[in-house]
Amino acid sequence: MDMSFSPDDQTFRAEVRQFLQDRLPERLSEKVRLQQELTKAEIEEWHAVLNEKGWLAGNWPREFGGAGWTAIQRHIFDEESALASAPRVLPFGIAMLGPVLQKFGSKEQQDRFLPRILNGQDWWCQGYSEPGAGSDLASVKTTAVRDGDDYVVNGQKTWTTLGQHANWIFCLVRTDPTAKAQEGISFLLIDMTSPGITVRPIVLLDGTPEVNEVFFDDVRVPAENLVGEENKGWTYAKYLLTHERTNIAGVGFATAGLAALKRIARAQQAHGKPLIENPLFAARLAEIEIDLMAMATTNLRMLAQAAAGQVPGAESSMLKLKGTQIRQAINDLTRRAVGPWALAFPSEAVEGANDDLPPGPPEAAAATRAYLNNRKLSIYGGSNEIQRGIIAKSLLGL
């Protein structure tokens, strides 16, 4: 395949860079660069800027209000956004639910929910994992029992990212407890303001309540909020996870993280010389960069296949597996580059309060926060052990 970008792609890259230079507020990019927690209002602000430009849903077809970008254009936008320290586009509505509704949802569901995702009226979160069903999603126990025109939902979801901000959640629920594991699951859209829903925060290693537990106690959900057919939710869940795992690979984030690591290594001193000139450090840096270049090539190959109409399979597991390993390696080496300054990690650094911070480079708290927070990368979206199993079965026939 031709690995070079076309003249049109290069023109598009220049357009994206100019847009980010003109419209990305410096206060937002600075918070992203320093790994500080963005408020709900700040996330919504950037989403609104992208939506005004028509670029919020680059992966959506134009008929649904998206930009209709090619796979290569989406890759370019993600890479340039990461390099500019732009806030990430939250994936739950745009990259996960949107494609599911476009492929499996009813016309009424598409007309109702897709415009509200774009204009910011609805903030979606994901209700997949449970205390006894993480990577093994087929073990979900949250039930939805049909009662007239409603489903009555009972159970618990966990690790619900940014659920404290959401007003809607898409859930995997068990609608046939007598069926085989994958065959009795349905895909349900639930209003988070419904009576009987309780959200409890979970504080992570870096001190932030990024994820939550969500409890459902006799929550009534209109049957019209069922996506597709009852007991066919596993098909829709797998379709969504393919998009999620490719997104988790984070080629753009890794590229931006590597560039930041090099800047830090040039500024830090080791034995009177820039750290980047230290042979051992330089060897570790080179190993990461080589792995990233190989992953970027695999990502472009997968994008080319998508552009040709092929559906990604085990390749998305390969990207998720290798991408998370590379990002964690960058986090680890960045923390080591900062040295003892990374030991002091006040919560104020995450919250954006810059008064009375300990001495040291501003990247120190960011390095520690990223290292602690991104331990999750190899767990969520299907743990890396699960991805290895998928690769072994699908590609190696084991």
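Me: Is serine 186 buried or exposed in this model?
Reply: The model is a predicted one, and in it serine 186 has its place in strand 5, which spans residues 185-191. Its relative accessibility comes to 0%, and because the cut-off for the buried class is under 20%, serine 186 counts as buried.

Me: Which residue's side chain makes a polar contact with the side chain of serine 186?
Reply: Not counting residues up to four places away in sequence, serine 186 touches several residues, including Leu172, Val173, Thr175 and Asn231. A polar atom of the serine 186 side chain lies 2.7 Å from the backbone nitrogen of asparagine 231. The contact from side chain to side chain, at 2.7 Å, is made with threonine 175.

Me: How many disulfides does the count come to?
Reply: A disulfide would need a pair of cysteine sulfur atoms within 2.5 Å. For cysteine 125, which is buried at 0% relative accessibility, the closest cysteine sulfur is that of cysteine 171, at 7.3 Å, and therefore too far for a bond. Cysteine 171 is likewise buried, with a relative accessible area of 1%, and its own closest cysteine sulfur is the one in cysteine 125. By this rule, the number of disulfides is 0.

Me: How far apart do the end C-alpha atoms of residues 7-120 lie?
Reply: In an unreviewed entry, UniProt lists residues 7-120 as "domain: Acyl-CoA dehydrogenase/oxidase N-terminal". In the model this span is 69% helix and 0% strand, and the distance between its end C-alpha atoms is 34 Å.

How values were computed: Residues are numbered from 1 along each chain as its sequence is written. This is a predicted model: local features need pLDDT of at least 70, side-chain atom pairs count only at pLDDT 80 or more; totals for chains, interfaces and linings use all residues. Side-chain values use heavy atoms; hydrogens and water are left out. UniProt positions are given in the numbering used here, feature names are shortened, and annotations may be inferred rather than shown by experiment. Helices (H or I, at least four residues) and strands (E, at least two) are DSSP runs, numbered from the N terminus. Buried means under 20% relative accessible area, exposed over 50%, partly exposed in between (1.4 Å probe, protein chains only). A polar contact is a pair of N or O atoms within 3.5 Å; within protein, one must be able to donate a hydrogen and the other to accept it, and residues adjacent in sequence count only if both atoms are side-chain atoms. Contact means heavy atoms within 4.5 Å.
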